[in-house]
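Please read the following report alongside the sequence and the structure.

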Amino acid sequence: MSDAHYETQGNTALIRLDNPPVNGLGHAVRRGIVNGIRRAEQDDSVRAVVIAGANGSFSGGADISEFGTPKMLAEPTLPTVINIIETSRKPVIAAIDGNCMGGGLELALGCHFRISTRGASVALPEVKLGLLPGAGGTQRLPRVVGVEHALNLIVSGTTVPATMFEGSALFDAYSDGELEADAVALAGQIVAEGRPLKRVRDLRVSHPKAEPFFLYARNGIRQMAGAYPAPLKCLEAVRAAVDQPFDEGLQTERRLFAELMQTPESAALRHAFFAERKTSKIPDVPADTPVREIRHVGVIGAGTMGSGIAINFLNAGIPVTILDMKQESLDRGVAHIRSVYEGRVKKGKMKQDEAEQKLALLHTATDYDAYRDVDLVIEAVFEDMGVKQQVFETLDATCKPGAILASNTSTLDLNRIAACTGRPQDVVGMHFFSPANVMKLLEVVRGDATAKDVLATVMKIARTIRKTAVVSGVCDGFIGNRMVLPYQREALIMLEEGASPEQIDRAIEDFGFVMGPLRMADLAGGDIGWAIRKRQYAEHPEMKRLVIADRLCEMGRFGQKTGAGFYRYEQGRRDALHDPEVDRVIDDCRRELGITPRRISDREIVERCVYALVNEGARILDEGIAQRASDIDMVYLTGYGFPVYRGGPMHYADQVGLMNVERAMEQFRANPHVQPGFWEPAPLLAGLAAEGKTFN
Ligand code: NAD
């Protein structure tokens, strides 16, 4: 149970925070601290109090399991606890080890003295949730480390070693031995010397050139902050520490905190924070499901994806055997992997010997015999069912029982791939995104027969290689690519109706996407979308043809790789340049279609593209392809450059209001150029909108 335990050691009371995993400052812990301080005050034999954390760590801050619950705001709140500590008549010493973050650091700043191990880390990471430290951190930290250090820490939210503040008033002592024993000894010394209580609130804070400093800092922070309001509010709060008496400064901090709490940006960041934690939970696969051991990984296909995939495992210290049918492809793949490590060394991100150690874990093969003893194989060969089936038949005949057989397919039916083995329970999809060693997203595709322990193992290995793994059912394109198709379709239809590639991309990039849909298509390769369209035209003859995109592909304009697509590209460069040739193609197509171009607003562009994502997302949820709306959001935040401060398409739709989304769709339905039925709201969306509910 979470609590703060009380004991005495001689004349010193010891309050030990105990709330695994990070001693979050939940309600029971807060109450425990207050009870401990009261008890110590009432006990005449106690002369000082030490607050320490159990399990080798002081406190990671707020208890996130209480977020959004009444417990979070229940008294004693953290500011109340800090006030009771600070006004205690007996010296209170914080004994800091491991993590001292957020509310944990604010709690320590409320103590009269602080002792830290040299390995401890400190941070005020609230800005990462679009907030600022709201329990006095912005007022007390500048008083002990100075305005500039405090501002840096608060605005960046980064974690730094406690030793960075050696010589400042943040720590009174460092412990090189047993922290608790040293803290108790320090308490005895403080009492023996009759040292006065040091209340951080009473320290003076100033800056020799406050006005120009804050002006300069404001300009820098504004640039860095982009769409996020929190960093500038952090600056305002720190400025209040300099300009206002302590209690007024605290009020300013509280007001700014409350303002940030109401911003959509903070709501989105908090949503993403919790969404990320939820992705790993699979309702019918309990957390204690046994996992298979992965000591050696095989990767088949040394192309774009295979070589990137291999790097993930090498980085994690797991040996990889990469196999390709062609020696020259193998050589190219290995050369690519080598160049990635060389690049890291050149940029100073990795030491030469570390890179060599990673590369020493890489083995190559052209024969499946090398796979007799691997624990996990990831196939990344050509996107062709026949080729994949052959590979899986060979794996089935070669790999030891219990080896996990994964496919990186982006579109093919995993169940059909699994069916050509005698062990479909061991087959799973591991859909990486390009570049696979960089992109955070991993779609874990659960086939009809995929065993629970296989899923649990893949989710665990995803954490080891630092991916955000989202479970998807089997369907054409899984979660991410299935949704991107209607999104890109809308962009292409608006090209016919009157928008230019530049306008569409700019509108979507102004909304916050890393890249607009047409620049993205040029990057991915126009031929890929074209192949999908041709297949869809054949399967659904009634489907609206995307004439402009098809025409550009017929001309061999496949995007960056051919130097021309919706834009033109100069040799070796990625800048998308305007191309009058594309204007001509667009004009011709409009004429052939009998369309008189109209002015399309940026708002319409954003709504049609984003709501196309939302509607397909709702269908995906309805069909059980995604487990929860927030998983879809994570796919878009980590794999498709959706603006994080908007929280993902489903969260964004919730914020707009599903009824408003549905009404916009109604208007789009009246447009004669859209595909009939396309803007029918998904039943889930319509149902939630009617009930006034949300996806998340
Ligand atoms: P690629 O053409 O760059 O590489 C494929 C490699 O597989 C080649 O080196 C080829 O020699 C090798 N290969 C082909 N058949 C083989 C066989 N039978 N045995 C051994 N090796 C064989 O392709 P890619 O872009 O890396 O794509 C690979 C897979 O990853 C495809 O299924 C693709 O859909 C999927 N994928 C690609 C991307 C992407 O952005 N490129 C993203 C996600 C998933």
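## Strand β10 and its partners

V299 stands opposite I322 in β11. The two strands, β10 and β11 (residues 320–323), run parallel and are joined by 4 bridges; strands count as paired if DSSP finds at least two bridges between them. Strands and helices here are DSSP runs numbered from the N terminus, with at least two residues (E) for a strand and at least four (H or I) for a helix. This is a predicted model, in which local features need pLDDT of at least 70 and side-chain atom pairs count only at pLDDT 80 or more, while totals for chains, interfaces and linings use all residues. Residues are numbered from 1 along each chain as its sequence is written, and side-chain values use heavy atoms, with hydrogens and water left out.

β10 also pairs with strand β13 (residues 376–379), again in the parallel sense and over 4 bridges. On that side G298 has V377 as its bridge partner. Within β10 (residues 297–300), V297 and V299 point one way and G298 and I300 the other, and all are buried. Buried means under 20% relative accessible area, exposed means over 50%, and partly exposed lies in between, for a 1.4 Å probe and protein chains only. Together with helix α12 (residues 304–315), β10 and β11 make a right-handed β-α-β unit. A crossover is right-handed if, with the strands pointing away from the viewer, the path from the first strand over the helix to the second runs clockwise.

In strand β3 (residues 48–53), 6 of the 6 residues are buried, so the strand is largely enclosed by the rest of the structure. A48, V50 and A52 point one way, and V49, I51 and G53 point the other.

Strand β2 (residues 12–18) pairs with β3 in the parallel sense over 6 bridges, and R16 has A52 as its bridge partner. The chain passes from β2 to β3 through helix α1 (residues 27–42) in a right-handed β-α-β crossover. β3 is also joined by 4 bridges to strand β4 (residues 92–96), and these two strands run parallel. A52 has A95 as its bridge partner in β4.

## The sheet β5-β7-β8

What order do the 3 strands of this open sheet take? The order is β5-β7-β8, with mixed pairing. β5 (99–101) and β8 (160–161) stand at the edges with a single partner strand each, so one side of each has no neighbour in the sheet.

β5 and strand β7 (residues 121–123) run parallel and are joined by 3 bridges. C100 has V122 as its bridge partner in β7. Helix α4 (residues 103–110) lies across β5 and β7 and runs at about 85° to β5.

## Helix contacts

Two packed helices are described by the angle between their axes and the distance between the axes. For α5 (residues 137–145) and α10 (residues 246–261), the angle is about 130° and the axes are 8 Å apart. Axes are lines fitted to C-alpha atoms, for helices over the stretch in contact, and angles run from 0 to 180 degrees between N-to-C directions. α5 and α10 are therefore oblique to each other; angles under 35 degrees count as roughly parallel, over 145 as roughly antiparallel, 65 to 115 as roughly perpendicular and the rest as oblique. Contact means heavy atoms within 4.5 Å. G137, T138, Q139, R140 and R143 in α5 meet F246, G249, L250 and E253 in α10. These residues divide into 2 nonpolar, 4 polar and 3 charged. Ala, Val, Leu, Ile, Met, Phe, Trp, Tyr, Cys and Pro count as nonpolar, Asp, Glu, Lys and Arg as charged, and the others, Gly among them, as polar.

E607 lies in helix α24 (residues 602–622). With a relative accessibility of 16%, E607 counts as buried. Apart from neighbours within four places in sequence, E607 is in contact with A612, A664 and F668.

## Backbone exceptions

Most residues other than glycine have a negative phi, and most peptide bonds are trans. P20 and P21 are joined by a cis peptide bond with omega of about 5°, and P21 is in the loop between β2 and α1. Another cis peptide bond joins E75 and P76, with omega of about -5°.

N55 is not a glycine, yet has a positive phi of about 60°. N55 sits in the loop between β3 and α2 and, at 54% relative accessibility, counts as exposed. R466 also has a positive phi of about 60° without being a glycine. R466 is in the loop between α17 (452–464) and β17 (468–472) and counts as exposed at 68% relative accessibility.
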